Amino acid sequence: MKKIALFLLVSITGVLGSAKSQDSVFARSVMCQLSSAEMYGRGYSFKGDSIAASYLSQLFAEMEVEPIGIDRYFQHFMFNTFVMEGDCELKIGKRVLEPGKDYYIAPFSIPLKDKKMRVIYADLKAIVQPGGLEMFCKENRRRLESSLVYINTANMELGDAEKEFLQKLKTKSNPFNSKGVVLGVESLPSATVAVQYDENIKKYSLINVIDSLFSAKPETIQINYSNELRLHTTQNVCAMISGSEVPDSIIIFSAHYDHVGTLGSKTYYPGAHDNASGTAAVMDIARYFSANPPKYSVAFLLFTAEEAGLLGSSYFVMNPLFSLKKVKMAINLDMFCGGDDGLMVVNSQVKETKPFFDRMKELNEANRYVKELKSRPNAPNSDHYFLSMHCPAIFIYTLGGRYGGYHNVYDTCEECGLENYQNIINLIIQSVAD
Ligand SMILES: [Zn+2]
């Protein structure tokens, strides 16, 4: 509450006046709605992505921004993905661990239903020695198949051999042939999405646990979670405002609205920074242009399944809803909280995008909207990437400032700083003005 009160004060006393401060209130309300428990982390379990899509399409309809999808605002497609929708429990003795805070289950893990599992402890340093793995497997031969192997990786200097071993383990191969592996870690890795089993390897479970919880080396743990690979239907959400003077020239504003979903039925990843914030900004820009008709047409593309590997934007590029030849500039927004240190503009130094970037810089120098505008080469790190193969496309993200976390349970709406938000939006809107 304190942080929100501070943010309102900053907006209202800012140079932009009271009408503009309303805009960041709108963006925050959209962002908080998207990152709420009702949206299940906008992943693929509990159809969180579809709940978010229907909310966003309703907002477009209220603003009277026209649908351009196949089914009104929606462009549907399907893909395979893992979903964790059941109980998610891990107990050491009587202690119940908290999913997302104490432990994280890799998304490709086989389900382990209500099981008391034996834990066998392996020493990483010994395992990577020549013959070390073979010796460990031989010693534990009879027990391995039904057990979990615990490897501590926290608070130790990792050499190349250790890193290589862990890398293999994390990219879906289990050299122990055990039911699964528990990795003791200092902090949990970023939550991710998995879309397939590797058919060439034996399936297993990979659980990351804060290492101090295993300091007493329990002989068994109680574990219970489900996980399922499922054919999932999802959708891009697409809308457009026709230009008043040059309707055949289109500016795209895009953002992915999906995130990494849930860990069981009770724990969800809010994804405020990634990317409820960018989605809220696109909705806010749509609201601005619905009240201030643009010279060029403006398309609003809210992509799904970015977290599953840029699937929504790649589907859109293969099945475009308008000719991509008409696109004057595509501006993708992803991770939009904070921004105290300015903005990074990805793919802004090629001949198709540099004039636009230079104009942004000029406007910024004249108006001091943000601290700095930085540039980096193109990379497949967000939804601008497949668009950039067909039209001028940039990706803007904020630098520095306040946000709760990255792909973890702490990336909440309350932790997202929007102190620079209105300045950023003003800069972007001015940059596309003519
Ligand atoms: Zn992400």
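1. Domain bounds here come from an automatic or database domain assignment. On that basis the protein chain splits into domain 1 (2–81 + 230–431) and domain 2 (87–225). Their centres, taken over C-alpha atoms, are separated by 37 Å. Please keep in mind that this is a predicted model, in which local features need pLDDT of at least 70 and side-chain atom pairs count only at pLDDT 80 or more, while totals for chains, interfaces and linings use all residues. Residues are numbered from 1 along each chain as its sequence is written, and side-chain values use heavy atoms, with hydrogens and water left out.

2. A word on how the two domains meet. Contact (heavy atoms within 4.5 Å) involves 15 residues of domain 1 and 13 residues of domain 2. Between them, domain 1 and domain 2 bury about 1,100 Å², with 62% of it on carbon and sulfur atoms. Buried area is the accessible area (1.4 Å probe) that two parts lose on being put together, summed over both.

3. Now to the cysteines. With a disulfide taken as a pair of cysteine sulfur atoms within 2.5 Å, the count is two disulfides. If you number the bonded cysteines of the protein chain in sequence order, the pairing reads 1-3, 2-4.

4. Cysteine 32 sits in helix α2 (residues 17–34) and cysteine 413 in the loop between β19 (393–399) and α12 (421–431), so the pair ties together parts that are 381 residues apart in sequence. Helices (H or I, at least four residues) and strands (E, at least two) are DSSP runs, numbered from the N terminus. For accessibility, buried means under 20% relative accessible area, exposed over 50%, and partly exposed in between (1.4 Å probe, protein chains only). Cysteine 32 is partly exposed at 26%, whereas cysteine 413 is buried at 5%.

5. The other disulfide links cysteine 337 and cysteine 416, whose sulfur atoms are 2.1 Å apart. This link is left-handed too, with -105° about the S-S bond. Cysteine 337 is in the loop between β16 (327–333) and β17 (342–346), and cysteine 416 is in the loop between β19 and α12, so the pair ties together parts that are 79 residues apart in sequence. Cysteine 337 is buried at 0% relative accessibility, and cysteine 416 is buried at 1%.

6. Finally, the metal site. The zinc ion is coordinated by Asp274 (OD), Glu307 (OE), Glu307 (OE) and His407 (NE2), at 1.8 to 2.8 Å. Donors are N, O and S atoms within 2.8 Å of the metal (3.2 Å for Na, K and Ca), and water is not among the atoms, so sites may look incomplete. Angles among the four donor atoms run from 51 to 147°, making the site irregular. Four donors count as tetrahedral if all angles lie between 85 and 135 degrees; four count as square planar and six as octahedral if opposite donors are over 155 degrees apart and all others between 65 and 115; anything else is irregular.

7. In sequence, the zinc donor residues are spaced D-x32-E-x99-H. Aspartate 274 in helix α8 (residues 272–291) and histidine 407 in the loop between β19 and α12 link distant parts of the chain, 133 residues apart. Both aspartate 274 and histidine 407 are buried.
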